[in-house]
Amino acid sequence: MNPPHPRNAPPVPAKPSALKDLFSGAGYLARGIGWTARHPAQWLFGLIPALIVLAVYAAALVFLAFQIDDLAAWTTGFADGWADAARTSARVVAGVAIYGSALFLAMITFTAVTLLVGDPFYEAIAVRVEESRGGAPPEPDVPLLVQLGRAIKDTLVIGAIALAFAVVFFACGFLPVVGQTVVPVVAALVSGYFLAGELTSIALERRGVLRKERFARMRADRPLVVGFGATTFVVFLIPLGAVLAMPGAVAGATLLARERLADDPLVTAGDGGVASHH
């Protein structure tokens, strides 16, 4: 039997609907881009690591594009004895699926690698965002090598998960109609969720909230997180969007973490533990 509700207790605020949270999440990206528009020096500062990583990724994707015919033929060896039209169709679908999976993997890992390479840049931007909203939590008393090790481990873990999803989406890409309609949408939502996890890591780890607890909090506000992450994913698909919008995405993720995922905007949980989710 549930205990009686105290007569004078304040009413518990109703949780926003999933649809409202979805649009609220998208709004955080707009707010982050708006913040960088008002602070152009911070925006330019944040472009540097994104440009470096983009150059490496672009070279890899161009190389893959030149090899895609051979890869498609290799993965559809079972179709060698088919009629020309059927064999060509199978290889076209395979080529699209392979390159689409590579783009999905690149999109997932681009943020993680860029944050790893540009950690000092984005940490500085996140602090400036927090200071503009009332103050940033103190830097955690964790050795630099430990922080770097955590960042590398998180990148590898999320990269492995992304690779597993890429394999699934690659296989689903062969499904007629569904593979060209539903699968890309699901891929965008999944990709966005993990993008949000990477982008909010800066503000949450400063509060002592590490990867496992971070994703636990994200699950509790999944529509909000997916709204932010999927919108960011779509913007990142625009040519040069991943570079130009990265500083704004970091700013938006900082606001999201501060206002919705953290227990208190300025209270840290220390290095070893985390306070319970609000």
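Below are my entries, going from the overall fold to single residues.

**Entry 1: the fold**
A reminder to myself before anything else: this is a predicted model. I looked up the secondary structure and found 11 helices and zero strands. Read along the sequence, the pattern is therefore α-α-α-α-α-α-α-α-α-α-α. I then checked burial, and 41% of the 278 residues count as buried. I also looked at contacts between residues at least 6 apart in sequence, and 80% of these join residues at least 24 apart.

**Entry 2: the nonpolar cores**
Which residues touch the most other members of the largest nonpolar core? I found Tyr122, Leu199, Phe228, Phe236, Met246 and Val250, out of 54 residues in that core. Apart from it, I noted another core of five residues, with Leu64, Ile68, Ile98 and Ala102 among them. I went back to Phe228 and listed its contacts, leaving out residues up to four places away in sequence. Phenylalanine 228 touches Gly25, Ala26, Tyr28 and Leu29, then Ala196 and Leu199, and also Ala249, Gly252, Ala253 and Leu256.

**Entry 3: threonine 36**
Next I picked a residue in helix 1, which spans residues 18-38: threonine 36. Is threonine 36 buried or exposed? Its relative accessible area is 5%, under the 20% cut-off, so I wrote it down as buried. Beyond its neighbours within four places in sequence, threonine 36 is in contact with Trp43, Pro247, Gly248 and Ala251.

**Entry 4: aromatic pairs**
I counted the ring pairs and got six. One of them joins tyrosine 57 and phenylalanine 110, edge-to-face, with 5.7 Å centre to centre and 85° between the planes. Tyrosine 57 sits in helix 2 (residues 40-75) and phenylalanine 110 in helix 3 (residues 84-117), so this pair ties together parts that are 53 residues apart in sequence. Both tyrosine 57 and phenylalanine 110 are buried.

I then turned to tyrosine 193 and phenylalanine 194, which also form an edge-to-face pair, at 5.8 Å centre to centre and 80° between the planes. Tyrosine 193 counts as buried because its relative accessibility is 12%. Phenylalanine 194 counts as buried as well, at 11%.

**Entry 5: the largest pocket**
How much space lies in the largest pocket? I have about 740 Å³ on the page. It is lined by 34 residues, and Gly100, Leu103, Phe104, Phe233 and Leu237 are the closest to its centre. Two or more lining residues come from each of helix 2, helix 3, helix 5 (144-172), helix 6 (182-199), helix 9 (222-237) and helix 10 (241-244). Helix 3 gives the largest share, 11 residues. I sorted the lining by type and got 28 nonpolar, six polar and no charged residues.

**Entry 6: leucine 240**
My last stop was the loop between helix 9 and helix 10, where leucine 240 is placed. Most residues other than glycine have a negative phi. Leucine 240 has a positive one, near 65°.

Note on methods
Residues are numbered from 1 along each chain as its sequence is written. This is a predicted model: local features need pLDDT of at least 70, side-chain atom pairs count only at pLDDT 80 or more; totals for chains, interfaces and linings use all residues. Side-chain values use heavy atoms; hydrogens and water are left out. Helices (H or I, at least four residues) and strands (E, at least two) are DSSP runs, numbered from the N terminus. Buried means under 20% relative accessible area, exposed over 50%, partly exposed in between (1.4 Å probe, protein chains only). Contact means heavy atoms within 4.5 Å. A nonpolar core is a set of buried Ala, Val, Leu, Ile, Met, Phe, Trp, Tyr and Cys residues joined through side-chain atoms within 4.5 Å. Rings of Phe, Tyr and Trp (its six-membered ring) pair if their centres lie within 6.5 Å; planes under 30 degrees apart count as stacked, over 60 as edge-to-face and the rest as tilted. On a 1 Å grid over the protein atoms alone, a cavity is a set of points where a 1.4 Å probe fits but cannot get out, and a pocket is an open set with protein on both sides within 12 Å along at least five of seven lines; lining residues have an atom within 4 Å of a point. Grid points are joined across faces, edges and corners, and a volume is the space filled by probe spheres set on the points. Ala, Val, Leu, Ile, Met, Phe, Trp, Tyr, Cys and Pro count as nonpolar, Asp, Glu, Lys and Arg as charged, and the others, Gly among them, as polar.
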